[in-house]
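Work through the two exercises below with the model open. Each gives a task, then a solution in steps.

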Amino acid sequence: MTRQESETTFGRVNERLSSVLRKYSDTQFGKYALIGPTLFVVAVLMIFPTIILLSYSFNPYDQGAIQAGSTLAHYVRAFTTTLYQDTLVRTIKIAVIVTIIDFVLGFPLAYAAVRKGGWMGKLIVIATLAPLTIDLVVRSFGWFILLNGTGVINSTLMELGLVTRGNAPQLLFNETGIIIGLSHVMLPFMVFPIINVMHTIPHDLEEAAQNLGANRLTVFTRILVPLALPGISAGILITFVVSLASYVTPALLGGGVRVIPVVITETFTSTSNWPFASALSMILVGVALLVIIAYQRVLKEMEGVGGV
Amino acid sequence: MDSADGAEIAIQYDGVTKEYGDLKAVNDVSFDVKDGELLALLGPSGSGKTTTLRMLAGFEKPTEGTISLAGDDVTHVPTHKRDTGMVFQDYALFPHMTVGDNIAFGLKRQGFEKGEIQERIDEVLDMVDLQGFADRNPRNLSGGQQQRVATARAIAIEPEVMLMDEPLGALDKKLRDQLEVELTELQADLGITTLYVTHNQEEALTIADRIAVMNEGEIEQIASPIEVYEEPATEFVADFIGDTNFLEGDLHETDGRVVLDIEGTEVDVNAAGVPANGGAVFVRPEKMNAREAGYTDESVNTLPGTVTRRLFLGSKVRYFVDIGRNVVTVDDSNKHGTTLHEPGDDVVLSWSVHDTRLAHG
């Protein structure tokens, strides 16, 4: 077969395949066949284990063993014990703060990446993406070097005479450490959805608004935010939910300060009280679901009202 | 500030240059626009006309020079504090707002009351003939309607000057012709000073009080449409505006006359002298007539040639005539009694000395 023949044959097969796919996706069976593999993965790896955890969370735990039966005792314990209450509040608080920090840092980054274009834009994209290629654990150890008591940041501050050894800020093994580390980890998840939507907003809309007398703040609140809302809301939601559930960074940078995922892991691995650990997991899933649902409600409301 | 003839000067560019790296997009441009005047910036793409306009809006900062608005130096005033109303080529309507809210946007920034804003919206929609469109979504409007909304939004804030960047460029010919008329009527009614960017010479000739022809970042000529067409200052202007026949030959001065020698035939040129750097002699196609071979007339310029092609265009007949050094275009009007020449026919071209122009190189 000559090169040309093979190309036309390939072209024909390709054409045929896409027409079959098009025809299929119009039928009921075709639709399910196409999303089937994804559905299967989600069902087996996500929903099925979650159902197992859910059922565990109602099992009584007595004398170091899981008992048959059904009880709400683990949920009651989680919500009435100060330690767990505080941990849950701290987990949500950290996720909220990280989300706010990442929006404040991420929006200008995304804006600059799109509007500056050229090598500047590419540099921002690469700099934002690059950390994703490095393992979480390695990145956390990087923060150790920067943040610890005699680390780069504190020793620089001491050199500059801004702080002394006695009153140097503690940046590691507390909430601050977790927030700094997580904000770094989560930044790309905020930046990229906003970059995507920013590409769809013509620059002359901003110029038109300025021309009509809008200052930078008004352009941001009346033009950019309403038009970038799909990307902003995706970024905020992903950042919040993933921060809520993140384990590695808080475990390494939090020291004795724990968040729920760390407590869940410790309970699973160092005690045999799986039912209680499962209940904590379900509470975390519940919080995330509640936020997602409430969030979508609010967004729908905002869409109805329109941008002004 | 007053100009020589007493009219107020609304816009003044003084030695304005804009550089992007090594590229001079606009090079030492100076001009005035009188109050109520419509000045068209005309030129091919890359000539710097849009950059010139955008500097007045404040979207670009001049590298050198000053720009004044109503006598005040606005060179370093931020965009939102400049009193200009801009109409963009793709209209730049806010897609998340209704037509009314688009128009209200500028009024809100100026601090108008709700009732006043509503009145003003109705008023400007009436001006652009879009009564009752306030609640419509701009995305659902036709191109022509979107253009009108963009115009309404810009005039609603009653700006000192209107800036229009190819406002009709995205529309088809018929709609463009109609909106050209409507825009100029509206502009004249409001008496609003307008800077109008276009690459379309017909549009510029139709709507402008004066045209500034731009090329490679510089203004080649700034004059009325008639002057720009009839007496182009440079070869570029003669070539860019309208159809032009450049005549090749030896240009010299004899007995106080400027003469172009084309292969032994002398043609008188309507010029006071031969410029130092030479110049280009040209005649517009409609100024020439194609006569029978052997035609003579001492009072006009004549030149023998051969018809190579004929286009019958209804109201006129276009001939391509080989005159030896080059081929010229001749437009004969299709009046009663005109005899048509056939390709291959020998003819004599005749045109008045007055229409034999000299443009600087």
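**Exercise 1: two domains of one chain**

In this predicted model, chain A is split into domain 1 (1-57) and domain 2 (76-301).

Solution. 
1. Start with the placement: the C-alpha centres of the two domains are 34 Å apart.
2. List the contacts. Five residues of domain 1 touch seven residues of domain 2.
3. Take the area: the domains bury about 520 Å² between them, with 83% of it on carbon and sulfur atoms.
4. Assign the share of domain 1. A:Leu53, A:Tyr56 and A:Ser57 supply 78% of the area that domain 1 buries against domain 2.
5. Sort the domain 1 side by class: three residues are nonpolar, two are polar and none is charged.
6. Check for pairs. The count of salt bridges between the domains is zero, and zero residue pairs in polar contact are found, with both residues at pLDDT 80 or more.

**Exercise 2: chain A and chain B**

Task: Which residues form the salt bridge between chain A and chain B, and which element of chain A gives the most residues to the side that touches chain B?

Solution. 
1. Count the contacts: 18 residues of chain A meet 23 residues of chain B.
2. Take the area, about 1,800 Å², of which carbon and sulfur atoms give 66%.
3. Find the salt bridge. One is present across this interface; B:Arg54 pairs with A:Glu207, and their closest N and O atoms are 2.5 Å apart.
4. Locate the elements. α9 (203-211) and α10 (216-245) of chain A each give two or more residues to the side touching chain B, and α9(A) gives the most, with seven.
5. Sort that side by class: nine nonpolar, six polar and three charged residues.

Methods: Residues numbered from 1 in each chain as written. Chains lettered and ligands numbered in written order. Predicted model: local features only at pLDDT ≥ 70, side-chain atom pairs only at ≥ 80, totals over all residues. Heavy atoms only, no water. Domains from an automatic or database assignment. Contact = heavy atoms within 4.5 Å. Buried area = accessible area lost by both parts, 1.4 Å probe. Salt bridge = Lys/Arg side-chain N within 4 Å of Asp/Glu carboxyl O. Polar contact = N/O pair within 3.5 Å; in protein donor to acceptor, adjacent residues only side chain to side chain. Nonpolar A, V, L, I, M, F, W, Y, C, P; charged D, E, K, R; others polar. Helix = DSSP H or I, 4+ residues; strand = E, 2+ residues; numbered from the N terminus.
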